[in-house]
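Dear colleague,

I am handing over the structure below. My notes on what was found follow it.

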Amino acid sequence: MSDANSCLFYQSRTPRPFLDYGEGIYLFDETGKRYIDGSSGAMVSNIGHSNPRVLAKMKAQMDKATFGYRLHFRTHPSEDLAAKTVAMTPEGLDRVFFVSGGSEAVESAVKLARQYAVTQGQSSRHRVISRFPSYHGCTFGALDLTGYDPLREPFAPMLEGMPKVAAPATYLDRDDLSEEERGLKYAELLRDRILEEGPENVLAFLMEPVGGASTGALVAPDSYYGRVREICDEFGVLLIYDEVMTGAGRTGKFLAAEHWGITPDIVAMSKGFGAGYAPLGAIVASARLVEPVLDAGGFLHGFTYAGNPLACSAGLAVLEELEDQGLIGNAAKMGEVLMAGLRELMDRYPFIGDVRGKGLLTAFEFVSDRATLAPLPPSLDAHARLVELAYERGLIIYSRRTRGGTAGDHFLIAPPLIITEAQIGDIMAILRDALDAFAKEAGL
Ligand code: PLP
């Protein structure tokens, strides 16, 4: 649907009001209506809106230079942001390459992996295994790694068709295994797939440590993470974590990888890294990978805007705010409060079949039957309806059809990391009201 009053075209969607301004966890439209940004936009605005420190730092940089091409000048914001990023990431990840968004970060991670393999005389390694469902971006390379059918279908003939293994959606499993055994079972799918592809052909395994929009904050059993690392090591397959959504503190650690003590070979970040103040992302990799690539003539990759000083000044102020305001710890603490609230919703509404997440990346999923976890009928258009009912009541949440786009409706609740307990109470009150309205109109 396009709006007759606008030349812009996006995905079809409900007409929206004009945004006026943002403040903390709130956004205000031009009529003065206030919205709680319960999903930080698209899980972006980690430190809230209009943060004075970030704005001041960006203004100071604007007064000096908004752009200086990286091949012509070093800049303090980019050097300082790289150093700060390395200081905040686990040991072993010590080289940074900037980009302007999540798809660019994923593309960059895969291309670095490939160039590294070539320097090691392993040119046959070119297959990248990822998971189904998953979301890794919309550019051709990232789309090929994305396990979300509706987004891929029109472009399928133009994609190589990279291999996928099932994401560990253990909440759907009806076997007698323990959670730990299930985690190992899903990790073995990766091993099987590597053997099927031929280990000499497999370059990397790409995964979201906590799923984002495609799975609805899916967290694997603890056993999965370590076993996946072992399997990658066994076959010399590089492990790439897509932390575009989970990075920069969202799950209660700077990187979600830290929850399981995993050091991936390459990490892709964006979203919360620029936190909505500038289009910004990064890959962070170990020098072990980067140095051979540089020695062989350099990374054959780069985007014009990558590492520009204005975006980097924003990113630096964002990381300083995360640290100085203790926001990562707050994400862990408030995540527990939020999860307790979601569990209460599950007690109250029989059509909520699962709640899950880590830190302030949480989700609940609708079902028609808790025993089978069968989804609600698509005719209810539940994922779109609840979003609208919440929006009308001044709460922004994020939803998707889940399980690869074929079934189910999930809703992401992922407010800015500055959120307080009282504000989570406000989110819950609106959610209850919206869910009551949904239950009534759906006859549930
Ligand atoms: N990877 C993950 C896990 C994401 O959630 C997203 C965006 O939602 C991307 C990659 C792509 O990021 P972008 O939309 O900034 O290109």
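A nonpolar core is taken here as a set of buried Ala, Val, Leu, Ile, Met, Phe, Trp, Tyr and Cys residues joined through C-beta atoms within 7 Å. A residue counts as buried if 20 or more other C-beta atoms lie within 10 Å of its own, as exposed if 12 or fewer do, and as partly exposed in between, with C-beta atoms placed from the backbone. The model is predicted: local features need pLDDT of at least 70, side-chain atom pairs count only at pLDDT 80 or more, and totals for chains, interfaces and linings use all residues. Residues are numbered from 1 along each chain as its sequence is written.

The largest nonpolar core has 130 residues, of which Ala-113, Phe-205, Ile-240 and Ile-283 touch the most other members. Helix α10 (residues 309-324) gives the most to this core, nine residues. Helices (H or I, at least four residues) and strands (E, at least two) are DSSP runs numbered from the N terminus. The core lies between domain 1 (19-50 + 326-442) and domain 2 (54-324), because both give residues to it. Leaving out residues up to four places away in sequence, Ile-240 touches Ala-109, Ala-113, Ala-204, Phe-205, Leu-206, Pro-264, Asp-265, Ile-266 and Ala-268. Contact means C-beta atoms, placed from the backbone, within 7 Å.

The domain bounds come from an automatic or database domain assignment. The C-alpha centres of domain 1 and domain 2 lie 25 Å apart, and 34 residues of domain 1 are in contact with 36 residues of domain 2. On the side of domain 1 that touches domain 2, the largest share, five residues, comes from α11. That side divides into 15 nonpolar, 13 polar and six charged residues. Nonpolar covers Ala, Val, Leu, Ile, Met, Phe, Trp, Tyr, Cys and Pro; charged covers Asp, Glu, Lys and Arg; the others, Gly among them, are polar.

Five of the five residues of strand β14 (residues 398-402) are buried, so β14 is largely enclosed by the rest of the structure. β14 pairs with strand β15 (residues 407-413) in the antiparallel sense over five bridges, where pairing requires at least two DSSP bridges between the strands. Ser-399 stands opposite Phe-411 in β15.

Around the ligand there are 15 residues, of which Gly-101, Gly-102, Ser-103, Gly-137 and Val-244 come nearest; near means a C-beta atom, placed from the backbone, within 6 Å of the molecule. Helix α4 (residues 102-119) gives the most to this shell, with three residues. The shell divides into six nonpolar, seven polar and two charged residues.

Regards

Conventions
Contact = placed C-beta atoms within 7 Å.
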